[in-house]
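Let's walk through this structure together, from the whole chain down to single residues. Keep the viewer open as you read.

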Amino acid sequence: MFKPIVFMFIFTKLFFSANSKTHPADIKALNALKNGVDPRSITPGSCLSSWDFTIDPCDNIFTDHFTCGLRCDRVISGLVRVTEITIDPVGYSGSLTSVPWDHLRYLNTLDISDNSFSGLVPNEFSNLTRLRRLGLSGNSFAGEIPSVLGSLHQLEELYLDNNRLHGAIPSSFNNLTKLKRLEIQRNCISGKFPDLGSLKNLYFIDVSDNNISGGVPSTLPLSLVELSMRNNKLNGNIPHDIDKVRFLQVLDLSHNMLAGTVPSVLFRHPSLEQLTLSYNEFSSLQVPAVDITLNSNLIALDLSYNKLRGLLPTFMASMPKLTALSLERNEFTGMIPAQYAVKAAVAGNDNTSSFERLLLGGNYLVGPIPGPLLGLKPGSADVSLADNCLYRCPDAFFFCRGRDQKSAVDCKSFGPTIP
C-alpha cells in the first residue's frame, strides 16, 4: 500500500529536477550547507529557516521559501547558477566540511560572518575559483589557514578575523594578485609575516592581536593605505624605506617589542595621517633634517609608553595638520616648549591646526607651566601634564589632575626640578 506514495515521491522529484532553473549541483551543495548546520541554531525568521528545497531555490528568491541568503545569475542557457551566499549573523553553528564546494563553481561571494561555525576551514574552498569575497569573520574556526586559499586568483577580499586560527600566514597568499583587503586580526597566528610586496592591489591589512614575530615587513605592497599589526610580538627596527609605500595613511604598530630609533621618514611621509607606535621600546627619535612644516600630513601621533629620552621634540609643534599628540609615559626631560603651549591654546586656521589633544603626563618635565596653557579652560583641549616634575601644577588646573607630580627623589635622576 506504500507503492503509490513512493511513486508520487519519485515522480515529484523527477518533475522538480526537470523543471528546475537552478543547476542540480548547486541545489545539492545548498542542501548540504543547511544540513551541516545544527537545527537548534536555525531560529524562526532567519535565512536558513526559509530554505525549502521542495521548490527551486533561484526561482523563489525573496519569497517566503527563500527569503534571503542567495543570489543567482544566468550563466548557462536554460539554467542559473548560485553566485552569492551571504547568510545572516544569527548564531548558526555547525561545520562546513560536508559541503561539496566543488559544485558551486560560479560562486563569487561566500559570507557567513558573525555566526558560530567551527571546525577547519575546508581545503575544498580551492574549487571556488571564481570567488572574489570570502567572509568567515567572527566564528570559531580552528586549525591552520589552508595554503590552498592562495590559489583563489580572483579573490579580492579575505576576512578570517575573530576566529581561533593558528600557525603561520601561508606564503601562497603572495599569489593573490587581485587581493585588496586582508583581515586576520584576533586569532592565534604565529610565525613571520609573509612577503606580500608583489600584491599591487592590496590596500588594507589588519593582522592585529595575534602572535606574529620577526620584524616589520621590509617589503610591503606599494598600494597599501592602512596597515595594523597591533599587539603582536614584532621586534627590531622600523624599516627606513617605509616611505616607499607612498599611499600609506594609517600605521599601527603599537603593543609590540619594537626598539631603537623612530625614523624621521615617518614624520615627513607624503600621505601618513595616523601613526600609532605606543607600548613599544623605542628609545629615541630621529629629527627630520628638512623643514616639515609643509610636508607632514600627520593628524594623530601616539608615541606613548615607550622609553623615549631627551627634550620634547619641538618640530612636532610645526606639523600643520597635527591635532592629537601623545608622548605620555616616556622619559622626556626639560621644559615644555612654548610652541606646544601656543599650538594648544591658539585657535587653528586654514593653514595650521591647533592641538585638540596633548598628552605629556608621566615624564620628567620640569619648570613652570607655559603661560598660554594657564589660560586654557576645560573642554577647550584635552591636555595632561600630570606625573611630571613641574613647578606648581596643582589640581586647580584640569590638566594636572589625575596624579600628583613626581617626588623630588624621583626627579633627581633625570635632572633637578625648578624650586
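Predicted model: local features only at pLDDT ≥ 70, side-chain atom pairs only at ≥ 80, totals over all residues.

Residues are numbered from 1 along each chain as its sequence is written, and side-chain values use heavy atoms, with hydrogens and water left out.

The chain has 5 helices and 27 strands (DSSP runs, H or I of at least four residues for helices and E of at least two for strands, numbered from the N terminus). Of its 419 residues, 50% are buried (under 20% relative accessible area; exposed is over 50%, partly exposed in between, with a 1.4 Å probe and protein chains only). The accessible surface, from the Shrake-Rupley method with a 1.4 Å probe, is about 19,400 Å², and carbon and sulfur atoms hold 53% of that. Among contacts (heavy atoms within 4.5 Å) with a separation of 6 or more, 51% join residues 24 or more positions apart.

Now find helix H2, residues 24–35. Its 12 residues should span 16 Å at 1.5 Å a residue, and the end C-alpha atoms agree, being 16 Å apart; the expected span is 1.5 Å times one less than the number of residues. Buried residues in H2 include Ala25, Ile27, Leu30 and Leu33.

Most residues other than glycine have a negative phi. Phe62, in the loop between H2 and strand E1 (70–76), has a positive phi near 70°. Phe62 counts as exposed because its relative accessibility is 67%. His255 also has a positive phi, of about 60°, and lies in the loop between strands E16 (250–252) and E17 (257–262). At 34% relative accessibility, His255 is partly exposed.
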